Amino acid sequence: MVKYIVKRILLSILILLGVSLIIYVLVRLMPADFLETKYAEQLKMKTITQEQIDQMKKDAGVWMPDAFLTIELGDGGEHAGEKLTKDTKSANYDRVQNGLMNFSELCFGNYYNEKRTVRLEIKENKEAILYEINEEGVAESIASGNAVFDEDVYDAVVLKLDGADVNSIVDYRVATGGEKAGAVFVYYFKWLGNMFQGNLGESFIHHKPVAQVISEHMWVSFIISLIATVLQLIIAIPMGITSATHQYSVRDYTVTVITMIGISLPSFFFAAILVKIFSSWLGWFPASGLVSGGSNAGGFMGFLDMAWHLVLPMTVLVVLSIGGLMRYTRTNMLEVLNSDYIRTARAKGLSEKKVIYVHAFRNTMIPLMTLVAGILPSLFGGAMITEEVFSIDGIGRLAYKALSQGDLPFIMGYNMFLAVLTVIGTLLSDIMYAVVDPRVKITK
């Protein structure tokens with residue numbers, strides 16, 4: 001068994017690498033951009049530059065090239081013909097074309113190559129100044145002159161500069177698909193290296209390490225999910241057994257209809273109905289949160305207050321989850337009840353109760369145990385929609401906010417957290433299968 005577990009762990013690591021790459025690519029394709037949204041007003045007020053925002057993205061490993069401005073130094077001086085590049089936004093270029101932004105504003109900023117950095121400033125009077133920035137960050141003027149938009153040069157502005165470089169050209173181009181894909185893979189491997197060191201990055205929203213945010217909030221979701229899972233097992237398994245032992249009876253049809261309703265209802269819709277009836281109309285239960293507003297109750301009273309708040313969320317989680325497990329139990333129970341050894345047990349004169357709960361249910365437990373062992377991700381992963389509806393600050397609600405606001409480091413950390421739990425849950429399912437069924441030997 002040890003050899004099998006080691007092989008499965010090694011295989012799981014390879015699977016996790018593939019899953020992490022897929023998740024990373026999908027996350028990078030999300031339209032939401034937290035940093036762009038957060039600093040949009042400051043960018044308009046010019047209290048922050050696009051270069052500073054892009055640098056934040058590079059530090060966080062979420063930067064992707066959009067477009068470039070390239071300055072080609074002119075036909076004078078020792079740097080003649082040298083090219084330096086600056087990142088820019090295609091949306092800003094579109095604003096220039098529509099007359100909503102000056103081309104000089106687009107060109108303003110630092111241009112880089114492997115040798116040096118130069119800074120281009122274009123003032124309101126169209127005076128252009130080119131600085132070279134040394135290793136100490138000091139800018140020294142190397143040329144100056146006028147910036148003239150040359151209509152004969154497509155997507156370019158000609159800088160008629162005096163000094164070392166004259167008639168330099170700033171050219172605009174959109175980033176290619178290869179350049180964008182290259183940036184994704186470069187930052188993926190950077191993120192992967194940090195992950196192996198236990199660093200999942202810093203959450204944009206919470207301004208804390210992602211691992212810390214997950215550890216602080218996952219226990220709320222775990223407690224809620226654990227209680228809901230226990231209630232689910234207590235309710236669903238007996239319902240599945242009684243439905244199977246009374247096949248095609250009124251009891252069977254009643255249980256089936258109830259469970260099918262539970263399966264069919266979306267969680268947000270069912271939660272909204274419960275809030276409307278039991279919170280808004282009847283006022284029996286609070287609509288949101290884990291504790292009453294302004295309450296500092298502790299001990300047993302605090303526990304009762306929290307339990308009172310969790311009645312509706314628990315109802316949603318349990319009702320919507322018992323249907324699948326009940327049908328699974330019913331199907332497996334019916335299969336076992338039609339087996340030859342069950343007929344033999346009945347022919348020996350054993351009581352129906354002993355036949356069902358000793359012989360039949362024992363074999364029904366085999367697939368059930370493997371199913372239960374695989375619920376590990378749901379215990380720690382949270383119920384995203386339910387937690388959001390009831391304003392419960394569990395890990396699921398945090399993930400929902402991260403998705404809607406584009407908190408990419410947290411999304412990546414959360415998804416990898418779930419992926420690891422899924423692999424562990426699958427491994428536990430294999431082990432549990434061997435535990436509950438002695439005929440199964442895990443040797444390969």
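User: Hi! Which residues do ring pairs link into a cluster here?
Analyst: Hello! In this predicted model, ring pairs join Tyr-24, Tyr-188, Phe-189 and Trp-191 into a cluster.

User: How many aromatic pairs does the structure hold?
Analyst: There are 11 aromatic pairs in the structure. One of them is formed by Tyr-93 and Tyr-172, and this pair is stacked, with 3.8 Å from centre to centre and 10 degrees between the planes.

User: Where do Tyr-93 and Tyr-172 lie?
Analyst: Tyr-93 belongs to helix α5 (residues 90-97) and Tyr-172 to strand β8 (residues 168-174). The two are 79 residues apart, and their pair links distant parts of the chain.

User: Are Tyr-93 and Tyr-172 buried or exposed?
Analyst: Both Tyr-93 and Tyr-172 are buried.

User: Let me step back for a moment. How many helices and strands does the chain have?
Analyst: The chain has 17 helices and 8 strands. It is made up of 444 residues, and 41% of them count as buried.

User: And what share of the contacts comes from residues 24 or more positions apart?
Analyst: Taking the contacts with a separation of 6 or more, 59% are between residues 24 or more positions apart.

User: OK, back to Tyr-24 and its neighbours. Which residues meet where α1 contacts α7?
Analyst: On the α1 side you'll find Leu-17, Ser-20, Leu-21, Tyr-24, Val-25 and Arg-28. On the α7 side they meet Val-184, Phe-185, Tyr-187, Tyr-188, Trp-191, Leu-192 and Phe-196. By class, this contact of α1 with α7 has 11 nonpolar, 1 polar and 1 charged residues. Three residues of the ring cluster show up in that list too: Tyr-24, Tyr-188 and Trp-191.

User: At what angle do the axes of α1 and α7 cross?
Analyst: The axes of α1 (residues 2-28) and α7 (residues 177-196) cross at roughly 130 degrees and come within 11 Å. That angle makes α1 oblique to α7. The crossing of α1 past α7 is right-handed.

User: What about α8 and α16, how do their axes cross?
Analyst: The axes of α8 and α16 come within 7 Å and cross at roughly 125 degrees, so α8 and α16 are oblique to each other. Val-213, Ile-214, His-217, Met-218 and Ser-221 of α8 make the contact with Ile-395, Gly-396 and Leu-398 of α16. Sorted by class, the contact of α8 with α16 has 5 nonpolar, 3 polar and no charged residues.

User: Which residues in α16 are buried?
Analyst: In α16 (residues 395-405), the buried residues include Ile-395, Gly-396, Arg-397, Leu-398, Ala-399 and Ala-402. Just after α16 comes Gly-406, with a positive phi of about 80 degrees.

User: Changing topic: what is the phi of His-207?
Analyst: Phi of His-207 is near 55 degrees, a positive value in a residue other than glycine. His-207 sits in the loop between α7 and α8 (210-245).

User: Why point that out?
Analyst: Because most residues other than glycine have a negative phi. Tyr-248 also has a positive phi, near 65 degrees. Tyr-248 is in the loop between α8 and α9 (250-264).

User: Is Tyr-248 buried or exposed?
Analyst: Tyr-248 is exposed, as its relative accessible area is 58%.

User: Now the strands. Which strand holds Thr-70, and what does Thr-70 touch?
Analyst: Thr-70 lies in strand β1 (residues 67-72). Leaving out residues up to four places away in sequence, Thr-70 touches Lys-83, Leu-84, Thr-85, Ile-169, Val-170 and Asp-171. Thr-70 is buried, because its relative accessible area is 16%.

User: And Asp-171, where is that found?
Analyst: Asp-171 is found in strand β8. Asp-171 is partly exposed, with a relative accessible area of 33%. Its C-alpha atom is 8.1 Å from that of Phe-68, although Asp-171 and Phe-68 are 103 residues apart along the chain.

User: One last thing: is Arg-330 buried or exposed?
Analyst: Arg-330 counts as buried, because its relative accessibility is 10%. Arg-330 is part of helix α11 (residues 299-337).

User: What does Arg-330 touch?
Analyst: Not counting residues up to four places away in sequence, Arg-330 touches Gly-240, Ser-243, Ala-244, Gln-247 and Asp-252.

Methods: Residues are numbered from 1 along each chain as its sequence is written. This is a predicted model: local features need pLDDT of at least 70, side-chain atom pairs count only at pLDDT 80 or more; totals for chains, interfaces and linings use all residues. Side-chain values use heavy atoms; hydrogens and water are left out. Axes are lines fitted to C-alpha atoms, for helices over the stretch in contact, and angles run from 0 to 180 degrees between N-to-C directions. Helices (H or I, at least four residues) and strands (E, at least two) are DSSP runs, numbered from the N terminus. Angles under 35 degrees count as roughly parallel, over 145 as roughly antiparallel, 65 to 115 as roughly perpendicular and the rest as oblique. A crossing is left-handed if the near helix is turned anticlockwise from the far one by less than a right angle, and right-handed if clockwise. Contact means heavy atoms within 4.5 Å. Ala, Val, Leu, Ile, Met, Phe, Trp, Tyr, Cys and Pro count as nonpolar, Asp, Glu, Lys and Arg as charged, and the others, Gly among them, as polar. Buried means under 20% relative accessible area, exposed over 50%, partly exposed in between (1.4 Å probe, protein chains only). Rings of Phe, Tyr and Trp (its six-membered ring) pair if their centres lie within 6.5 Å; planes under 30 degrees apart count as stacked, over 60 as edge-to-face and the rest as tilted.
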